[in-house]
Amino acid sequence: MALGGAQAHYGITPDLTCLGKIVGGGMPVGAFGGKKEIMQNISPLGPVYQAGTLSGNPLAMAAGVALLTKLKVPGFHDALTQRVNTLCSGLQERANAARVPMITQSAGGMFGLFFTLSKPCG
């Protein structure tokens, strides 16, 4: 959706942010961060201990850096959004032509297909 994720796209400042495989370029990794008053509770400053099997995995970190390099290219997200819109429109047209009860929804580079008679929200 944006280099700063959905929170940047929608102009939201969360108390805590949790990120999944995107920060590892699709590799298994996660990251979190937040406001100082929350993060001060994490060890070694606070009593909450956090660790993970794949923390700082060099392969995932290299993949994440490579992905961030691509995401920083001007126009990347606009082009991705257009491709997703084209894909969803084409899928919807084909489903309609085949009388398959389906809807598509998308936001930026994310999309989903729903086999239903319901109408999309929003």
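What is the mean pLDDT of the protein, and what share of its residues reach 70 or more? The mean is 91, and 98% of the residues reach 70 or more; pLDDT is the predictor's confidence in each residue, from 0 to 100. This is a predicted model, in which local features need pLDDT of at least 70 and side-chain atom pairs count only at pLDDT 80 or more, while totals for chains, interfaces and linings use all residues. Residues are numbered from 1 along each chain as its sequence is written, and side-chain values use heavy atoms, leaving out hydrogens and water.

**View 1. Confidence and domains.** Mean confidence is lowest in α1, at 89, and highest in α4, at 96. Helices (H or I, at least four residues) and strands (E, at least two) are DSSP runs, numbered from the N terminus. The protein is assigned domain 1 (4-72) and domain 2 (76-114), with bounds from an automatic or database domain assignment. Their centres, taken over C-alpha atoms, are 29 Å apart.

**View 2. The largest pocket.** Here you can look into about 570 Å³ of space. Of its 20 lining residues, A2, L3, G5, A6 and I22 are the closest to the centre. Two or more lining residues come from each of α1 (5-10), β1 (16-19), α3 (58-71) and α4 (76-97), and α3 gives the most, with 4. Because domain 1 (4-72) and domain 2 (76-114) both give residues to the lining, this pocket lies between them. A pocket is an open set of points on a 1 Å grid over the protein atoms alone, where a 1.4 Å probe fits, with protein on both sides within 12 Å along at least five of seven lines; lining residues have an atom within 4 Å of a point. Grid points are joined across faces, edges and corners, and the volume is the space filled by probe spheres set on the points.

**View 3. What lines the two pockets.** The largest pocket's lining has 13 nonpolar, 7 polar and no charged residues. Nonpolar covers Ala, Val, Leu, Ile, Met, Phe, Trp, Tyr, Cys and Pro; charged covers Asp, Glu, Lys and Arg; the others, Gly among them, are polar. The second largest pocket holds about 160 Å³, and its lining includes V23, F32, Q50 and M61. That lining has 7 nonpolar, 5 polar and no charged residues.

View 4. H77 sits in helix α4. With a relative accessible area of 15%, H77 is buried (under 20%; exposed is over 50%, partly exposed in between, with a 1.4 Å probe and protein chains only). Leaving aside residues up to four places away in sequence, H77 touches M1, A2, L3 and L71, where contact means heavy atoms within 4.5 Å.
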